[in-house]
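I opened a new model today and kept a notebook while clicking around. Here is what I looked at.

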Amino acid sequence: AQVLSMYRPVRRLILSIVVMALAAIATGPVLAQPADGARVFLVLDASGSMWGRVGNQTKIEVARETIRTLLKDWRPQDQLGLVTYGHRRKGDCGDIEVLQQVGPVDATALMAQVNGIVPKGMTPRTASVKMAAEQLKASEGITSVILVSDGVETCNADPCAVAAALKKADVRLVVHTVGFDVQDRQAVRQLECMAAATGGLA
């Protein structure tokens, strides 16, 4: 996964990676894409480590700004949903919530939800991606998950094995991963293998 140093223009780089992932979605197999576009779940890390700083901003502030910029250019035919984790309770690997089901984008309402996220807890990102993927199974056409995270899985899951199983269950699924300020090499490997197992970008 792309690893960001503390002194680079972090928000711009994260945004460029997410845009690359969305471009890959938009240019997917034409026959697989319905007339009304792709279905995308954004999975946002809200674990306690998101209060860490990158330059003069916290990571959650960087994430909020990135999503706000992303929504400005969101294609109207594409649908978006939002899953987050670690935002309600400390030490709870079950703290995963679908804040917005996949559907037409209301940028104002979605940003209100994003701005209300308060990082607190664990990093059950594998289970979060699985939840998003399972909700996308009933969708037609291109289905993608974009995971934005800053650290290692902390809930005893195997990201690589789960990603491979999800792809086997739904061959259309693609998981793109965006890591920022990731200092742990294990975390980098986990993000890379989730994307590789599903044909996504990291």
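**Ground rules.** I'm working with a predicted model, where local features need pLDDT of at least 70, side-chain atom pairs count only at pLDDT 80 or more, and totals for chains, interfaces and linings use all residues. I number residues from 1 along each chain as its sequence is written, and the side-chain values use heavy atoms, with hydrogens and water left out.

**The sheet.** I started with the strands, which are DSSP E runs of at least two residues, while helices are H or I runs of at least four, both numbered from the N terminus. Two strands count as paired if DSSP finds at least two bridges between them. I found an open sheet of five strands in the order S5-S4-S1-S6-S7, with mixed pairing. S5 and S7 (173-179) are the edge strands, each pairing on one side only. From one strand to the next, the twist averages 15°.

**Who pairs with whom.** S1 (residues 39-45) runs parallel to S4 over seven bridges, and S1 also pairs in the parallel sense with S6, over six bridges. I followed Leu44 both ways: its bridge partner is Thr84 in S4 and Val148 in S6. S4 and S5 (residues 96-103) are antiparallel and joined by five bridges. Across that pair, Val83 stands opposite Val98 in S5.

**A closer look at S4.** How many residues of S4 are buried? I call a residue buried under 20% relative accessible area, exposed over 50% and partly exposed in between, using a 1.4 Å probe and protein chains only. Seven of the seven residues of S4 (79-85) are buried, so the strand is largely enclosed by the rest of the structure. Gln79, Gly81, Val83 and Tyr85 point one way, and Leu80, Leu82 and Thr84 point the other.

**The cores.** A nonpolar core is a set of buried Ala, Val, Leu, Ile, Met, Phe, Trp, Tyr and Cys residues joined through side-chain atoms within 4.5 Å. The largest one has 24 residues, and Leu42, Leu44, Ile67, Leu80, Leu82 and Val148 touch the most other members. S1, H2 (59-72), S4, H3 (107-115) and S6 each supply at least two residues. H2 gives the most, with five. Apart from this core lies another, of 21 residues, including Phe41 and Leu173.

**Two helices.** H4 (residues 125-136) and H5 (residues 159-169) pack at about 10°, with their axes 10 Å apart. Axes are lines fitted to C-alpha atoms, for helices over the stretch in contact, and angles run from 0 to 180 degrees between N-to-C directions. Angles under 35 degrees count as roughly parallel, over 145 as roughly antiparallel, 65 to 115 as roughly perpendicular and the rest as oblique, and H4 and H5 are therefore roughly parallel. Their contact (heavy atoms within 4.5 Å) is made by Thr126, Val129, Lys130 and Ala133 of H4 and Pro159, Val162 and Leu166 of H5.

**Last stop.** I found Gly141 in the loop between H4 and S6 (143-149). Is Gly141 buried or exposed? Gly141 is buried, with a relative accessible area of 13%. Gly141 and Ala38 are 103 residues apart in sequence, but 6.7 Å apart in space, C-alpha to C-alpha.
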